[in-house]
Amino acid sequence: MKWEVVTGLETHAQLSTASKIFSGASTAFGAAPNTQASAVDIALPGVLPVLNRGAVERAIRFGLAVGATIHRRSVFARKNYFYPDLPKGYQISQYEIPIVQGGSLSIATPAGEKIVRLTRAHLEEDAGKSLHEDYHGMTGIDLNRAGTPLLEIVSEPDLRSAVEAVIYAKRLHALVKWIGICDGNMQEGSFRCDANVSVRREGATTLGTRCEIKNLNSFRFMQQAIEYEVRRQIELIDDGGTVVQETRLFDPGRGETRPMRSKEDAQDYRYFPDPDLPPLAIDDAWIERVRAGMPELPEAMRERFVFEYALQAQDAVALTADRETARYFETAAKSLAAPSERTGKLVANWVLGELSAALNRDERAIGAAPVRADQLAALLRRIADGTISGKIGKDVFDAMWAGEHGGDADAIIAAKGLEQISDAGAIEKIVDDVLAANAAVAAEFRAGKEKALQSLVGKAMAATKGRADPAQVNAALKRKLAGN
Amino acid sequence: MLDAPITELSASLRAKRFSSVELAQASLDRIASLNPALNAFITVDPERALADAKAADALIATGSALPLLGIPIAHKDILATAGMRTTCGSRMLANYTSPFDAHVVDRLARAGTVLIGKTNMDEFAMGSSSETSHFGPVRNPWHRDHVPGGSSGGTAAAVAARLVPGATGTDTGGSIRQPAAMSGICGLKPTYGVCSRFGLVAFASSLDQAGPLARTAHDLALLLNAMAGHDVRDSTSLDRPVEDYARMLLMERDSRPLAGVRIGLPAEYFGAGIDPGVAQAIDGALAELRRQGAITVDLALPNVGLSVPVYYVIAPAEASSNLSRFDGVRYGHRAAAYTDLADMYRKTRAEGFGAEVRRRILVGTYVLSHGYYDAYYRKAQQVRRLIADDFRRAYAQCDVIAGPTAPTAAFRIGAISDDPVAMYLNDIFTTAANLTGSPALSIPCGFDPSGLPIGLQLQGPAFAEARLLDVAHRFQQATDWHQRAPTLAESTGSLPPEGAQ
């Protein structure tokens, strides 16, 4: 009997506003504890929340990016529970009417393109942090994070494996960064997921009992956690047991999930509309303003790249993995020439090849690459016009990367004398010299050993330190060996 | 000196008949002599008051004409005051001092008022008698074994006893108007959103509204002029043009100044359960209004009888959530010994809150809980809309709705403190204005046979404050109920039992 995995993700994306969702305190990460907690954040008596419009605009952006409905009227609600890092004793969230409803994301799975439906996305505030170490049996509370704006994005249970869940999460991660609503920093907790996991017999139409795995803050852990949980549930059912609905935590050290609280312990959050905040009204004009400020979305850009720059779909996907890479590519391509098949492919090869390798090697982000897009274009221009060969180009690139001559490709080529030798007379002479010095190899070729030609080309290239145009050398050698 | 209303005190200050320092000192002296018997104040700060008064005198000397400049006032101890503790009448906050001023506190300070101190109240404003304070019950200046009403009872008693000429209160279900009525003074609850709630420690956020208590309608208008105004820190604060609430009062009128004013008399406000003394005083007041040209219109508010049950679902629901922040973690009372986190919460809140507050938190938690939300909270919100519809229809037929503020005059301390339902029924005429967000005021209109004051309530549609104040002012031009003062030396009230709360 085969099993089917059913998973949906709830993702908390921290919105990249400078101040908190209901107060003017800064959201910057890493400050000394409680230095970024205002009277509102620590819930002093008499304070009131005031909604940050920047958070709303980011939610609208997301809704537009996934083709969702933006509710013209949504309602903030209080989720009531006691915990020391929850200063008001309730979290302001959205419950019955969220700002964003529906929408979908398409993901590229090993089995092909798949549409993942989204249930909703709602605005809410983050809680503070409890610090259990270094307090000698007591607990420290840091409220810097309290009130940080979050967008909770809930998917439908459309994911059928741990791998699919990770692909979806990565796709979502790339999207929220792309549209500039979240910095995506998973170490700092800016993007974290809860996974709802259940299994059922293949062909079953009802869902199995699910468990929720909380706070998965890396893609690797997400995959491990879901895979473990799937195994656990299948073994449990195979052994005649039943899955109990509960919340579980993933222990990365042991690679397993363990129970946190069961449904019976589930709190009654007593949601009700927050009387301190009028319903959030969003008019069409506001949505249109946000739409006008939206960047081109990755799918649209991918299609445009294939069309305008005649790229392979695969290259277009890679170049639109994030906005910085896409911007780099397009800047370089436009700086090099009007879009044409030849230069688009050349730029794509270099961005995905040489540049990407150098960035990986030096652990740099593309935005901090020592070779700017316009500088790379200057180098590629010399390859395209035959001034240097592709192979020499790599040497020039290394010199640019190292900062020689201010990263000016032409200056490096000139200083090092790297121009390609393509003068017919010069090539003639080089070939004559090579043939004279390697009569035996030439004889082998004439005797029918085709491979000998490559050896002769290699010797000609070596003699010019790679500067000779290999195509011309090749042609000249063939002509001379044929006795012309 | 303190027998005069703010309008006269202000004129005297500007005429330099006495200084603000002298006025503040008179207030402080009177508090020193009478507050031990009344328990109207929780905190008095003579040093700060005299410093404020001195600054006011300096401004008066420069010819400043601010109408409240140099006037001593007090704030209900639920409004945050920087540098002066804000207890909410609770053990939970007995030693809590806010780092900021409430918006209305700030506005009144900028208007040049002199802050004398903070007034006693029902704990977290939950009550109609000012008996539930951690700092002991407040006594009615007219009869010290009676309550002054609540929850702004300390303010009402302080103004009635001429300790200060005006002070602030807050009104969630009648907490300004009912104590004003029972203490023989004037009190106004503005339209929801007219005064910022920033710094008003929340009881029930959708109902809470700060407002003034004073001895004349004109004084209420001056205080409201200072208190009202948009505040970006309160998302429910209304951004509307500045209004002079005294403008209609100053218009010259003939002998029938209320000609054309339609006063609605809902049958539901004149039925059974109203004390005969109260009914008689209200009838007298209505006769006076008619004499001045007002037309009375009989009408019906079929759902208004549901106000109290609706109120006692919505207010506790919001309170149960609003009071969750008092958990002993960051400020306020924390139990001295506990075994774990849950135990800390339990003990802290059981010790920090009094019985009435705990009762309302329990009720509120219940009505919001899973499986009961629809039957109670959602249903209450639906009925709230029906009540608002009743009033909308009524205001198509009239400009102002009149009736008693409370069904009885002030009751004895302890008489119904063990009977929450009887206590809640005190709010039968006042809660509707909070549920609908509309303005309402209470003015003195007579006394019952035992000499306890009775209040007339005037309600109007949203933003009808100026109209309500005008009707009240015209009434006061022709009557002297508001000028009657309790004879404190002749008060015969017994002292409260030890530790009474």
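Good morning, colleagues. Please keep in mind throughout that this is a predicted model.

I begin with the overall form of chain A. Its secondary structure comprises 15 helices and 17 strands. The radius of gyration of chain A is 30 Å, well over the 23 Å that the globule rule gives for 484 residues, so the chain is more spread out than a compact globule. Along the principal axes, the C-alpha atoms of chain A fill a box of roughly 95 × 55 × 50 Å. Of its 484 residues, 41% count as buried. As for contacts in chain A with a separation of 6 or more, 68% of them are between residues 24 or more positions apart.

How is chain A divided into domains? Domain 1 covers 3-286, domain 2 covers 296-416 and domain 3 covers 424-481. Taken over C-alpha atoms, the centres of domain 2 and domain 3 of chain A are separated by 32 Å. The contact between these two domains takes four residues from domain 2 of chain A and four residues from domain 3 of chain A. On the side of domain 2 that touches domain 3, the residues divide into one nonpolar, two polar and one charged.

Chain A also contains an open sheet of three strands, in the order E5-E4-E16, with antiparallel pairing. Strand E5 (90-94) and strand E16 (272-273) of chain A each have a single partner strand, so one side of each is left without a neighbour in the sheet. Strand E4 (residues 76-80) of chain A is joined to E16(A) by two bridges, and the two run antiparallel. Within that pairing, A:Arg78 has A:Phe272 in E16(A) as its bridge partner.

I turn now to the contact between the chains. It takes 26 residues from chain A and 35 residues from chain B. By class, the chain A side that touches chain B has 18 nonpolar, three polar and five charged residues.

Next comes the sheet of chain B. Eleven strands form an open sheet here, in the order E1-E3-E2-E4-E6-E5-E10-E11-E9-E7-E8, and the pairing is mixed. Which strands stand at the edges of this sheet? They are strand E1 (41-44) and strand E8 (295-299) of chain B, each of which pairs on one side only. From one strand to the next, the twist averages 30 degrees.

Within this sheet, strand E2 (residues 72-76) and strand E4 (residues 166-171) of chain B pair in the parallel sense over two bridges. B:Ala74 stands opposite B:Ala167 in E4(B). Helix H2 (residues 20-38) of chain B lies across E1, E2 and strand E3 (114-119) of that chain, and runs at about 20 degrees to E3(B).

Is B:Pro453 buried or exposed? It counts as buried, because it has 28 C-beta neighbours inside 10 Å. Leaving aside neighbours within four places in sequence, B:Pro453 is in contact with B:Trp142, B:Ala181, B:Met182, B:Ser183, B:Gly184, B:Ala409, B:Pro444 and B:Phe447. B:Ile443 is ten residues from B:Pro453 in sequence, and the two lie 9.9 Å apart in space, C-alpha to C-alpha.

Thank you for your attention.

Note on methods:
Residues numbered from 1 in each chain as written. Chains lettered and ligands numbered in written order. Predicted model: local features only at pLDDT ≥ 70, side-chain atom pairs only at ≥ 80, totals over all residues. Domains from an automatic or database assignment. Contact = placed C-beta atoms within 7 Å. Nonpolar A, V, L, I, M, F, W, Y, C, P; charged D, E, K, R; others polar. Pairing = 2+ DSSP bridges. Helix = DSSP H or I, 4+ residues; strand = E, 2+ residues; numbered from the N terminus. Axes fitted to C-alpha atoms, helices over the stretch in contact; angles between N-to-C directions. Rg over C-alpha atoms; globule rule 2.2 N^0.38 Å. Buried ≥ 20, exposed ≤ 12 C-beta atoms within 10 Å, placed from the backbone.
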